Amino acid sequence: MDYATPRERLELWEARAREMATHLSPMRRAHVEGVVQTCASLCRRFDEPEYRGRLAAWVHDLAREWPAERLLQQAEAFGIVGDDVEREMPFLLHGPVIAAWVRQEWGLDDIEILKAVANHTTGRPGMGRLELILYVADAIEPGRSFAGVEELRRLASDDLERAALAISESMIHYLLGAGLLIHPQTLLTRNDLLRRVRARSGGNGVTGWKTELAQSVQGWRAGRGKEVGDGNPG
Ligand SMILES: [Fe+2]
Ligand SMILES: [Fe+2]
């Protein structure tokens, strides 16, 4: 496919992914179509090329219905070292496995798309923009109907990191409530997002004036004392 432009290559891969998605169950296929739509609109909102978001969305759950044995075998073949939680719940491997699979079988080599697909279930610390978009879209696509999803949709149109933080926390609440194992990566993702959101807002989530000022004034010792607006008089 050397004759094709990078965008044309992505569109060819999208056609393959769309074809493969026709083999998913109707419920999963409807979910994937919802993620494609939501990813595309988040890409427009946050200045990410839409065709990359669409391709990541079409690919993300293509291995979601593979049997556990196939996921474990493929993970081993690709050198993906599963941990004890993944061995107990092999479906957690569907992201990393399909990312490696499309890389090997189709030569899909857009690393941002591969990372977004690989990490869409648990997230990871340090997620980039496309990873955040897919992680958020997966949770808020139109077919999702859990309590609080409308609020998450509003948040997502405004602030990707805050939306991802709220999604990771809602996932942790759900797993606790359902008595399910929590993958450590889910917790690391949540802590990272919390730090990122706090860092932007100056540490208390209300006002960032001291952080911003400290960066502009040489020798200002940021982090000392409290900011006005944190409930501490003076
Ligand atoms: Fe998934
Ligand atoms: Fe999904």
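Trainee: Is E88 buried or exposed?
Mentor: This is a predicted model, in which local features need pLDDT of at least 70, side-chain atom pairs count only at pLDDT 80 or more, and totals for chains, interfaces and linings use all residues. A residue is buried if 20 or more other C-beta atoms, placed from the backbone, lie within 10 Å of its own, exposed if 12 or fewer, and partly exposed in between. E88 has 10 other C-beta atoms within 10 Å, so the class of E88 is exposed.

Trainee: In which helix is E88 found?
Mentor: Residues are numbered from 1 along each chain as its sequence is written, while chains are lettered from A and ligands numbered from 1 in the order in which they are written. Helices (H or I, at least four residues) and strands (E, at least two) are DSSP runs, numbered from the N terminus. The run of residues 84-88 includes E88, and that run is helix α5.

Trainee: How does M89 count by its C-beta neighbours?
Mentor: M89 lies in the loop between α5 and α6. Because M89 has 14 C-beta neighbours inside 10 Å, M89 counts as partly exposed.

Trainee: What distance separates the C-alpha atoms of M89 and L181?
Mentor: Along the chain, M89 and L181 are 92 residues apart. Their C-alpha atoms are separated by 8.7 Å.

Trainee: How many helices does the secondary structure of the protein come to?
Mentor: The pattern read along the sequence is α-α-α-α-α-α-α-α-α-α-α-α. There are zero strands, and the number of helices is 12.

Trainee: What does helix α6 reach from its first C-alpha to its last?
Mentor: Helix α6 covers residues 94-106 and has 13 residues.

Trainee: Which helices are included in what covers the buried residues of α6?
Mentor: The buried residues of α6 are H94, G95, P96, V97, I98, A99, A100 and V102. Two residues are in contact if their C-beta atoms, placed from the backbone, lie within 7 Å. The cover includes α3 (50-60), α4 (68-77) and α7 (111-118).

Trainee: Which helices do the buried residues of α2 pack against?
Mentor: Helix α2 (residues 26-45) has 20 residues. Buried in α2 are H31, V32, V35, V36, T38, C39, L42 and C43. These pack against α1 (6-21), α3, α8 (129-140) and α9.

Trainee: Is α9 roughly parallel or roughly antiparallel to α10?
Mentor: Axes are lines fitted to C-alpha atoms, for helices over the stretch in contact, and angles run from 0 to 180 degrees between N-to-C directions. Angles under 35 degrees count as roughly parallel, over 145 as roughly antiparallel, 65 to 115 as roughly perpendicular and the rest as oblique. The axes of α9 (residues 149-158) and α10 cross at roughly 150° and come within 6 Å. Therefore α9 and α10 are roughly antiparallel.

Trainee: At what angle do α10 and α11 pack?
Mentor: Helix α10 spans residues 160-178 and helix α11 spans residues 184-200. Their axes are 9 Å apart, and the angle is about 145°.

Trainee: How many residues of the contact of α10 with α11 are charged?
Mentor: Among the residues in this contact are E161, R162 and E169 of α10 and R190 and R196 of α11. Ala, Val, Leu, Ile, Met, Phe, Trp, Tyr, Cys and Pro count as nonpolar, Asp, Glu, Lys and Arg as charged, and the others, Gly among them, as polar. The contact has seven nonpolar and three polar residues, and the charged ones number five.

Note on methods
The expected span of a helix is 1.5 Å times one less than its number of residues.
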